[in-house]
Amino acid sequence: MGKNKVEWWKTAIIYQIYPLSFMDSNSDGIGDLQGIISKLSYLKNLGIDVIWLSPVYQSPMDDNGYDISDYLKIDPIFGTMKDMQELIKQTHDFGMKIIMDLVVNHTSDEHPWFKFAKESKNSPYRDFYIWNDQPNEIDSVFGGSAWTYEGQSEQYYFHLFSHKQPDLNWQNKKLREEIYRIINWWLDQGIDGFRLDVIDLIGKDVKSKMLSDGPFLIEYLNELNQNCFANRDVMTVGEMPGLSIERAAEITAGEHPLLNMVFQFTHISLDEMPNLGKWALKKLDLTELKQVFNKMQHLMYRNGWNSLFLANHDQPRAVSRFGDINYRLESSKMLYTMLYGMQGTPYVYQGEEIGMTGIDFEINQYRDLETLNIYEILSKKKLSHDEIMKSIHMKSRDNSRTPFQWDDQPYAGFSKSKPWIDVNLNYIEINAKKDIEDPNGVYLYFKKLFKLRKSFPVFENGNFNLIDRNHPSLFIYERKNEKEKLLIVSSFSNLVERIDLSNYRGMKCIISNQECIELSKDSQFPPFYTAIYYKGSDSSVND
Ligand code: TEU
Ligand code: CA
């Protein structure tokens, strides 16, 4: 391939499906592959090019499928391999592509490799995992030590996530070869690439406590790329929570990048107290957010490639987190105009396109193991129930995992039976059917935004220039190439904001969440206003 490779992922709109919560076809309360197949036209109509499917492999579901016990099987709750093949084929028939989630930092403790490994210290699979006589101080992401004692072979094994997710030992070449075999098997099924789960961790050195971006990361990414991706027309996006923006730019740069894109986490960590983790809440400072995006856009301009995301199955709903649910429609559109106006590949997390919101459940309604763990841990630290629930309401991963709200029927049209996790009670008000029929809805707005992105090359190749970087509530930036210019204006304020934009006078408003406001010496933007202004050689837009 090499030079003539079409970089289709650069102009693609990618939609993340969390299969457990998207659509249930057989009324068992759990989303499944046939459910997804029944909604492909919904996605096509929205303007989606690529579907990213969170894990559907065989799993005990300790971490909702991110704990895999057989990489080459589909979990029966989702359907069969035949359903998967049908999903791949039908997605392609719709002119869309499909990528899968690849979880190879760890397996389930019920994976045969681990079962063999723990039989004895001499097991041929022992070295597939990481063992020690004594634990060190590393903590698990989900709370508590990252080491669990295994009684049969009398050693501790290492797990950065739950104790049912033992970390694989990437320093073992045999293990790496097994993984490449699995990846190639899936690629041979016709899928179009992978999202690689916590792939920043595979180069770790546990002894020296170097985890993300460890000493072997580049070597293993390179080997992975050579063995699986280099000679195929597929895309890769690496989830790299611990990676710096600088490193993300390096890894995605060049003619043969190690990964096509990276999910980098700086911008979604700004509402937590530095070094205290996600549960220690901090109000977002917009000037910090602007700074971070500015850095990302500059570092990855011509050198690397950005992924544009605000939410996923681990992150709260964007409108509840960064917007204002009293201005739900306005602020949903505002946030994603701010985001998708930038350079990079847009990601939509299911439900964001209809303005779904977060939840304020009682503790017994939560299902996520991380949430349940942290409740225990913080209770022991004598924090009050109310204080803990405040963090959980804000940050629990279940915020984005409640069933997709299709219509106002029982269980929001997601299922005919009680779902595995409760539906957000606002489904009568907020659902896809209602939103799509509303000319002022989020869905039609997203659709228009995606069309615009594809009509004007400046969205793909324009540079980025932040305007008024210290303004506390307006996020304004310019994008420019030789022929075209965009001005993207977004207000994070619930008041009218005034600003001098006389330099941009005459630019044409091509999309807005409210009535377009002219750019002038004294532009007055209503609460949560957003708009994109255009100037270019295309006369049909300029006149
Ligand atoms: O997440 C990796 C990760 O470190 C975070 O996104 C983490 O889940 C979150 O910050 C906890 O607050 C990936 C998956 O996306 C996640 O669902 C899995 O639980 C995790 O890896 C383990 O596979
Ligand atoms: Ca089902």
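Author: Val489 has Ala531 in β20 as its bridge partner. This is a predicted model, where local features need pLDDT of at least 70, side-chain atom pairs count only at pLDDT 80 or more, and totals for chains, interfaces and linings use all residues. Residues are numbered from 1 along each chain as its sequence is written, chains are lettered from A and ligands numbered from 1 in the order in which they are written, and side-chain values use heavy atoms, with hydrogens and water left out.

Reader: In what sense do β16 and β20 pair, and over how many bridges?

Author: Antiparallel, over six bridges. Strands are DSSP E runs of at least two residues, helices H or I runs of at least four, numbered from the N terminus. Two strands pair if DSSP finds at least two bridges between them.

Reader: And how many bridges join β18 to β20?

Author: Four, and these strands run antiparallel. Ile511 stands opposite Ile532 in β20.

Reader: Why is β20 largely enclosed?

Author: Five of its six residues are buried, so the rest of the structure largely encloses β20 (530-535). Buried means under 20% relative accessible area, exposed over 50%, partly exposed in between, with a 1.4 Å probe and protein chains only.

Reader: New topic. Where does Asn494 lie?

Author: In the loop between β16 (485-491) and β17 (497-499). Asn494 is partly exposed, at 42% relative accessible area.

Reader: What does Asn494 touch?

Author: Leaving out residues up to four places away in sequence, Asn494 touches Asp324, Tyr327, Pro527 and Phe528. Contact means heavy atoms within 4.5 Å.

Reader: How far is Asn494 from Gly323?

Author: 9.7 Å in space, C-alpha to C-alpha, and 171 residues in sequence. Gly323 is also among the residues closest to the centre of the second largest pocket, along with Lys283, Leu284, Arg321 and Phe322.

Reader: Pocket criteria, please. What is the volume of that second largest pocket?

Author: About 420 Å³. On a 1 Å grid over the protein atoms alone, a pocket is an open set of points where a 1.4 Å probe fits, with protein on both sides within 12 Å along at least five of seven lines; lining residues have an atom within 4 Å of a point. Points are joined across faces, edges and corners, and the volume is the space filled by probe spheres set on them.

Reader: Which helix gives the largest share of its lining?

Author: Helix α9 (318-322), with four residues.
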